[in-house]
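Thanks for coming. I have one structure to go through today, and I will keep to the numbers. Please have a look at it first.

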Amino acid sequence: VFFRSTASVPFLDLIILAAMWGCISTPLVFMGSYRGYKRQSISFPTVTSMIAREVPEPTLFMKPSVAIGMAGMVPFAAAYVELFFIMTSLW
């Protein structure tokens with residue numbers, strides 16, 4: 001499809017990039033996990049109280065139904081405003 005196109009990426013370049021990622025990322029993951037396993041555990045500077053406390057009710061914006069609605073409305077509103085300005089400049 002992309003024969004002699006400037007948009008195509010040579011297959012050898014993809015292989016080289018994947019090999020570089022694998023040869024750098026994989027050893028670093030194992031080195032980091034080994035160092036983390038050998039390190040001393042964290043000692044927290046405070047003591048947790050054994051007294052049970054009541055968790056307050058979430059506010060309106062912390063409820064899942066409102067958060068889902070807001071997560072959908074914010075990008076839509078941003079796109080709507082942008083398209084509004086583009087269409088008014090064209091009209």
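I start with the surface. A nonpolar patch of about 1,100 Å² is formed by Val-9, Phe-11, Leu-12, Leu-14, Ile-15, Ile-16, Leu-17, Met-20, Ile-24, Leu-28 and Met-31. Patches are built from residues with over 30% relative accessible area and no salt bridge, joining like charges within 9 Å and nonpolar side chains (Val, Leu, Ile, Met, Phe, Trp, Tyr) within 5 Å. A salt bridge here is a side-chain nitrogen of Lys or Arg within 4 Å of a carboxyl oxygen of Asp or Glu. Accessible areas come from the Shrake-Rupley method with a 1.4 Å probe, and for residues only the protein chains shown count as cover.

A word on provenance. This is a predicted model, in which local features need pLDDT of at least 70 and side-chain atom pairs count only at pLDDT 80 or more, while totals for chains, interfaces and linings use all residues. Residues are numbered from 1 along each chain as its sequence is written, and side-chain values use heavy atoms, with hydrogens and water left out.

Now the chain as a whole. How many helices and strands does the chain have? It has 2 helices and 0 strands; these are DSSP runs, numbered from the N terminus, with helices (H or I) of at least four residues and strands (E) of at least two. The C-alpha trace spans about 70 × 50 × 20 Å along its principal axes. The radius of gyration of the chain is 26 Å, whereas a compact globule of 91 residues would have one near 12 Å. That radius is taken over C-alpha atoms, and the globule rule is 2.2 Å times the number of residues to the power 0.38.

On burial, the share of buried residues among the 91 in the chain is 0%. Buried means under 20% relative accessible area, exposed means over 50%, and partly exposed is in between, with a 1.4 Å probe and protein chains only. The chain exposes about 9,600 Å², of which carbon and sulfur atoms supply 73%.

Next, helix α1, residues 11–38. Its 28 residues should span 40 Å at 1.5 Å a residue, and the end C-alpha atoms are 41 Å apart, which agrees. The expected span is 1.5 Å times one less than the number of residues. Is α1 buried or in the open? The number of buried residues among its 28 is 0, so α1 lies largely in the open.

Some individual residues of α1 follow. Phe-11 lies in this helix and is exposed, at 62% relative accessible area. Ile-16 is also placed in α1; its relative accessible area is 41%, so Ile-16 is partly exposed. From Ile-16 to Ser-33 there are 17 residues in sequence and 26 Å in space, C-alpha to C-alpha.

Pro-27 belongs to α1 and is partly exposed at 37%. Val-74 is 46 residues along the chain from Leu-28, with their C-alpha atoms separated by 39 Å. For Pro-27 and Val-74, the figures are 47 residues and 41 Å.

On to helix α2, residues 64–90, which holds Ala-78. Ala-78 is partly exposed, with a relative accessible area of 44%. The C-alpha atoms of Ala-78 and Ile-68 are 16 Å apart, at 10 residues along the chain.

Last, the aromatics. The count is 2 aromatic pairs. In one of them, the rings of Phe-84 and Phe-85 have centres 5.8 Å apart and planes at 65 degrees, so this pair is edge-to-face. Rings of Phe, Tyr and Trp (its six-membered ring) pair if their centres lie within 6.5 Å; planes under 30 degrees apart are stacked, over 60 edge-to-face, and the rest tilted. Phe-84 is partly exposed at 46%, and Phe-85 counts as exposed at 53%.
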